[in-house]
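Here is a short briefing on one protein chain. Keep the sequence and the 3D view open as you read.

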Amino acid sequence: MSKYQEIENRIRAQIEDGTYSAGSCLPGEHELMEHYGASRDTIRKALSLLAQDGYIQKAKGIGSIVLSINRFAFPVNGVVSFKELAPTMGNHVETEVICCEKTHPDEKFQKYLKMNPDDWIYLLQRVRRVDGEAIILDTDVLNAAICPGITREIAADSLYAYLEKTLHLPIAYAEKKITCQSATNQDMRWLDMKHFNMVVNVESFTYLDDARVFQYTSSRHRPDKFVFRDFARRNPKA
């Protein structure tokens, strides 16, 4: 690892642990040079990496302003399990498995997962409750030949932990689409919809590192509990 990457990692860790809080400024370049025993060019490379990743904003005459890193309320831009996300969502998070069955794919899922009518899929449906409110209804369809042995207990705990740690599947990436849709009878039955008649649906196709699609997911969210935040930096063309 190069010197500037090491410095960037150390400053990043200090931002993440709150040593440098959002809105504060990092020490100046000269102070950082002395602290890390590094050249100005090395410090500037480290700060440039932090800026590119959305940890700081370099402002002329002010310095390097620390940005908020608590911006991903829902990781639409990542492949993350609900169990991995749960600690950021509330004080008490639970999953209820309402369907876990092995069946044959209908025409839609044959097309989605590139399967034949006599192939097998696992159909999972799970209600996600946060602080006592049912706010997410997840439907997952998985290719059973790629993902054998799924049980209700696995679905209630962590599906991705089973796929990666037990089956050793190399999950690589997902394609996602977000739409607002009218609430269905199933949404109204399983979710605490209050006065809402719409849901935010996050539809995704997840792939292995050999580009095989193995999972289709429809994740239906009560609209007041869905927030998508991301960080984007404009790079104007010359």
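Leaving out residues up to four places away in sequence, Glu203 touches Tyr112, Glu175, Lys176, Lys177, Tyr216 and Thr217. The model is a predicted one. Glu203 belongs to strand E7. The points below start with this residue and then move along the chain.

- Is Glu203 buried or exposed? Glu203 is buried, because its relative accessible area is 13% and buried means under 20%.
- Glu203 and Ala174 are 29 residues apart along the chain, and their C-alpha atoms are separated by 9.9 Å.
- Ser204 also has its place in strand E7, which covers residues 198-208.
- Ser204 is buried too, with a relative accessible area of 9%.
- Which residues does Ser204 contact, leaving aside its neighbours within four places in sequence? They are Glu175, Lys176, Gln215, Tyr216 and Thr217.
- Glu175 is one of the contacts of Glu203, and Glu175 is also among those of Ser204.

**The whole chain**

- The protein chain has 8 helices and 8 strands.
- Of its 238 residues, 39% count as buried.
- Take the contacts between residues at least 6 apart in sequence: 60% of them join residues at least 24 apart.

**Helix H1 against helix H3**

- Helix H1 spans residues 3-16, and helix H3 spans residues 40-52.
- At what angle do H1 and H3 pack? The angle is about 50°, and the axes are 8 Å apart.
- H1 is therefore oblique to H3.
- The crossing of H1 past H3 is right-handed.
- On the H1 side, the contact is made by Lys3, Tyr4, Gln5, Ile7, Glu8, Ile11 and Arg12.
- On the H3 side, the contact is made by Thr42, Ile43, Lys45, Ala46, Leu49 and Leu50.
- The residues of this contact of H1 with H3 divide into 7 nonpolar, 2 polar and 4 charged.

**Helix H1 against helix H2**

- Helix H2 covers residues 29-36.
- H1 and H2 pack at an angle of about 110°, with their axes 12 Å apart.
- H1 is therefore roughly perpendicular to H2.
- H1 brings Lys3, Ile7, Arg10, Ile11 and Gln14 to this contact, while H2 brings Leu32, His35 and Tyr36.
- How many nonpolar, polar and charged residues are in the contact of H1 with H2? There are 4 nonpolar, 2 polar and 2 charged.
- Lys3 of H1 takes part in the contact with H3, and Lys3 takes part in the contact with H2 as well.

**Cysteines**

- A disulfide is a covalent bond between the sulfur atoms of two cysteines.
- With a cut-off of 2.5 Å between the sulfur atoms, the count comes to 0 disulfides.
- Cys100 is in no disulfide: the nearest cysteine sulfur, that of Cys99, is 7.1 Å away.
- Cys100 is partly exposed, with a relative accessible area of 22%.
- Cys147, in contrast, is buried, with a relative accessible area of 0%.

**Two residues with positive phi**

- Asp131 is not a glycine, yet it has a positive phi of about 50°.
- Where is Asp131? Asp131 lies in the loop between strand E4 (121-130) and strand E5 (133-143).
- Asp131 counts as partly exposed, at 46% relative accessibility.
- Lys194 is not a glycine either, and its phi is positive, about 55°.
- Lys194 has its place in the loop between helix H8 (185-190) and E7.
- Lys194 is exposed, because its relative accessible area is 57% and exposed means over 50%.

**After strand E8: Lys225**

- Lys225 is found in the segment after strand E8 (213-221).
- Lys225 is partly exposed, with a relative accessible area of 43%.
- Which residues does Lys225 contact, leaving aside its neighbours within four places in sequence? They are Glu133 and Ile135.
- Lys225 and Ile136 are 89 residues apart along the chain, and their C-alpha atoms are separated by 8.8 Å.

Key. Residues numbered from 1 in each chain as written. Predicted model: local features only at pLDDT ≥ 70, side-chain atom pairs only at ≥ 80, totals over all residues. Heavy atoms only, no water. Buried < 20%, exposed > 50% of the residue type's maximum accessible area, 1.4 Å probe, protein only. Axes fitted to C-alpha atoms, helices over the stretch in contact; angles between N-to-C directions. Helix = DSSP H or I, 4+ residues; strand = E, 2+ residues; numbered from the N terminus. Parallel < 35°, antiparallel > 145°, perpendicular 65-115°, else oblique. Left-handed = near helix turned anticlockwise from the far one by under 90°. Contact = heavy atoms within 4.5 Å. Nonpolar A, V, L, I, M, F, W, Y, C, P; charged D, E, K, R; others polar.
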